[in-house]
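Me: Got a structure I'd like to talk through with you. Can you take a look and tell me what stands out?

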Amino acid sequence: MLLIGARWISWESNHPPIGKCVGDCYEAYKIEDAKRREAEAAMLATASPADLGKKLFTACAACHGLGGEGGVGPKLQAQTKDAIVSMLTQYKNGETRGAQSALMWGQAAALSTDDMANIGAFVESL
Ligand code: HEC
C-alpha cells in the first residue's frame, strides 16, 4: 500500500494536474453542461425564424456584410423573404444568375428549405 501511495505521489509531482477535471470537478462540469444545453434548447424552441436565420447568416456575413450591406457579394438589405428564398433556391439548383453565381452554389447547397426561409426572414428584418 505504502509503495503504491508513494508511486502515486511521485507520479502526481511529475505530472502536475493542470486542467485536470475528474471526480467532483467533472461532476460539477456535467451539471453545468446540462444546464447550458437546456438553456440552448429553450432558446432555440422560442427563437423566431429571423433569430434562427441570424445564426445561419454568420456564414454569409463575410461576403454580404454583417447587416447584409454588401461586400464581395451584393447587398441583401431591403430584399423580401420571398425574393431571398427564390434566389437561394436557384443557386441551390446550380442555376446561373450573375457572373459570380459559382460562389453561391456551394453556399446554397448546404441550406435546407427551412434554413432558406429563416435566412429570408432575417434579411427582411434588416
Ligand atoms: C464567398 C463569398 C460569399 C458567401 C460566403 C456568400 N455569398 Fe451570397 N453571393 C456572393 C456573390 C459573389 C454573389 C453574386 C452571385 C452571382 O453573380 O449570381 C452572391 C449572391 C447572393 C444572393 C443574390 C443577391 C442578388 O440580389 O442577386 C443571395 C440572396 C445570397 N448571395 C445569399 C447568401 C447567403 C444566404 C449566404 C450564406 C448562406 C451567402 N450568400 C454566402 C458571395 C457570397
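Me: Let's start with the ligand: how many residues surround it, and which are the closest?
Reply: 21 residues surround the ligand, and the closest are Cys60, Cys63, Gly73, Gly98 and Ser101. A residue counts as near a molecule if its C-beta atom, placed from the backbone, lies within 6 Å of it. Keep in mind this is a predicted model: local features need pLDDT of at least 70 and side-chain atom pairs count only at pLDDT 80 or more, while totals for chains, interfaces and linings use all residues. Residues are numbered from 1 along each chain as its sequence is written.

Me: What's the shell around the ligand like by class?
Reply: The shell has 14 nonpolar, six polar and one charged residues. Here Ala, Val, Leu, Ile, Met, Phe, Trp, Tyr, Cys and Pro are nonpolar, Asp, Glu, Lys and Arg are charged, and the others, Gly among them, are polar.

Me: Which helices supply at least two residues of that shell?
Reply: Helix H4 (61-64), H5 and H6 each do. Helices are DSSP runs of H or I with at least four residues, strands are E runs of at least two, and both are numbered from the N terminus.

Me: OK, overall fold. How many helices and strands?
Reply: Seven helices and zero strands.

Me: How do H5 and H6 sit against each other?
Reply: The axes of H5 (residues 81-92) and H6 (residues 102-109) come within 7 Å and cross at roughly 100°. Axes are lines fitted to C-alpha atoms, for helices over the stretch in contact, with angles from 0 to 180 degrees between N-to-C directions. The two helices, H5 and H6, are therefore roughly perpendicular, a label for 65 to 115 degrees.

Me: Which residues meet there?
Reply: Leu88, Tyr91 and Lys92 in H5 meet Met104, Trp105, Gln107, Ala108 and Ala109 in H6. Contact means C-beta atoms, placed from the backbone, within 7 Å.

Me: Switching topic: how many residues are in the largest nonpolar core?
Reply: The largest one has 15 residues, and Leu88 and Ala108 are among those with the most contacts inside it. H5, H6 and helix H7 (113-125) each give two or more residues to this core, and H5 gives the most, with five. A core is a set of buried Ala, Val, Leu, Ile, Met, Phe, Trp, Tyr and Cys residues joined through C-beta atoms within 7 Å; buried means 20 or more other C-beta atoms within 10 Å of a residue's own, all placed from the backbone.

Me: And what does Leu88 touch?
Reply: Leaving aside neighbours within four places in sequence, Leu88 is in contact with Ala108, Leu111 and Met116.

Terms used:
Angles under 35 degrees count as roughly parallel, over 145 as roughly antiparallel, 65 to 115 as roughly perpendicular and the rest as oblique. Two residues are in contact if their C-beta atoms, placed from the backbone, lie within 7 Å. A residue is buried if 20 or more other C-beta atoms lie within 10 Å of its own, exposed if 12 or fewer, and partly exposed in between; C-beta atoms are placed from the backbone.
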